[in-house]
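Have the sequence and the 3D view open as you read.

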Amino acid sequence: MQRRHLLQSIGGLTLGSLPFAYASSAWAQSATLKISHQFPGGTLKEGDFRDRLVRTFAAEVEKRTKGALKFEIYPGSSLMKTNAQFSSMRKGALDMALIPLSYAGGEIPEVNIGLMPGLVVSYEQAYGWKTKPVGQELDRLLQAKGIQLVSWIWQAGGVASRSKPIVDPEDAKGMKVRGGSREVDMILKEAGAAVVSLPSNEIYAAMQTGAMDAAMTSSTSFISFRLEEVAKALTTGRTGAYWFMFEPLMMSKQIFDGLPKDQRDAIMAVGADMEKFAMDAAKKDDVEVANVYQKAGAKVVDLSAASIKKWQAIARQTAWKDYAAKNEGCAKLLALAEQTL
């Protein structure tokens, strides 16, 4: 009974709903947290950088807390389905996850700002959000929805195609394309494409069967999911992009708030340390993806500033307007984000 009363006092949780195990009934001195993500698993030194980031984060937090916090990592959506992760964190049923934030757009419309076409055009601008009003407002919103941002991670994206490269909007006409968010789908529709909605870990099968002609995703996912095996053309983001995805490492605020302050501080400090690693790795993959696809015999092209502006012009008139009209929170976030352009 003492243990039950203690746990309820630190988070209003019942013992049955608690997603990590306390090693002491006196306090949360030792806990094992579960981290989920949809990307292929690897090691600390090899594999998808998002998996390596999670593993590095876990090792460093365990070290700084002298083993009080330990972690179990579940790559490849092995713990739960990709699209269930965000809502599970909000409920306190999942401790942590690294997820493209726009996947939660159906649940919280405001988070689609994390994959708004044409709104972010460089890594420097993207990572600058964290300390600017747009980032502070996004952080406040997520905390109110039960989510604690731990690491800000951004990735540029491109387009892999089974046939011709998609560079300008007119190239997408008549093609079945995966955009990755409602807002990207809107600019594809305006360009004359038919949109396909699915997580990045399902792109390979859809392209292999012909259910999809082309897909937009990050450079890292183009490599990790071996899409060069089913694509004949690649438009990279290495010289610039209109597709930047916010893909943060997040934690259930319910779980985060239930930890002692020193453990919370360690999580946030290590999370911030991971951001330079993430940006450097993402930029490296923007270059590496071109080499991978060229070796596989695919035609590789880059985006010009003029092409980016064409897509951005469509986005302003479609996706941006639609997003701002959703609610007051969306309009505020968009206005704040435009200040960073």
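The model is predicted, so local features need pLDDT of at least 70, side-chain atom pairs count only at pLDDT 80 or more, and totals for chains, interfaces and linings use all residues. Residues are numbered from 1 along each chain as its sequence is written, and side-chain values use heavy atoms, with hydrogens and water left out.

**Pockets**

A pocket here is an open set of points on a 1 Å grid over the protein atoms alone, where a 1.4 Å probe fits and protein lies on both sides within 12 Å along at least five of seven lines; lining residues have an atom within 4 Å of a point. A volume is the space filled by probe spheres set on the points, with grid points joined across faces, edges and corners. The largest pocket comes to about 250 Å³. It is lined by 15 residues, and Ser102, Tyr103, Gly180, Ser181 and Ser197 are the closest to its centre. Its lining splits into 4 nonpolar, 8 polar and 3 charged residues. For these classes, Ala, Val, Leu, Ile, Met, Phe, Trp, Tyr, Cys and Pro are nonpolar, Asp, Glu, Lys and Arg are charged, and the others, Gly among them, are polar.

The second largest pocket has about 190 Å³. Among its 13 lining residues, Gly47, Phe49, Arg52, Lys284 and Asp285 are the closest to the centre. Two or more lining residues come from each of α2 (49-64), α8 (219-224) and α10 (261-295), and α10 gives the largest share, with 6 residues. Helices (H or I, at least four residues) and strands (E, at least two) are DSSP runs, numbered from the N terminus. By class, this lining has 5 nonpolar, 3 polar and 5 charged residues.

**Rings**

There are 9 aromatic pairs in the structure; rings of Phe, Tyr and Trp (its six-membered ring) pair if their centres lie within 6.5 Å, with planes under 30 degrees apart stacked, over 60 edge-to-face and the rest tilted. Take Phe57 and Phe71: their ring centres are 5.7 Å apart and the planes are at 65°, so the pair is edge-to-face. Phe57 lies in helix α2 and Phe71 in strand β2 (residues 69-74), so the pair ties together parts 14 residues apart in sequence. Elsewhere, Trp129, Trp152, Trp154 and Phe246 form one aromatic cluster.

Two arginines also put their charged ends over rings: Arg50 over Phe39, 3.6 Å from the ring centre, and Arg226 over Tyr204, 5.4 Å from the centre. The test asks for NZ of Lys or CZ of Arg within 6 Å of the ring centre and within 35 degrees of the ring normal.

**Burial**

Buried means under 20% relative accessible area, exposed over 50%, and partly exposed in between (1.4 Å probe, protein chains only).

| Residue | Relative accessible area | Class |
|---|---|---|
| Phe57 | 0% | buried |
| Phe71 | 14% | buried |
| Glu137 | 12% | buried |
| Lys66 | 78% | exposed |
| Arg226 | 43% | partly exposed |

Glu137 belongs to helix α5 (residues 133-144). Beyond its neighbours within four places in sequence, Glu137 is in contact (heavy atoms within 4.5 Å) with Lys332, Leu333 and Leu336.

In helix α6 (residues 182-190), the buried residues are Glu183, Val184, Asp185, Ile187 and Leu188. They pack against β6 (176-178), β7 (194-196), β8 (214-218) and α11 (305-324).

**Positive phi**

Most residues other than glycine have a negative phi. Lys66, in the loop between α2 and β2, has a positive phi near 55°. Arg226 has a positive phi near 55° too, and is found in the loop between α8 and β9 (233-235).
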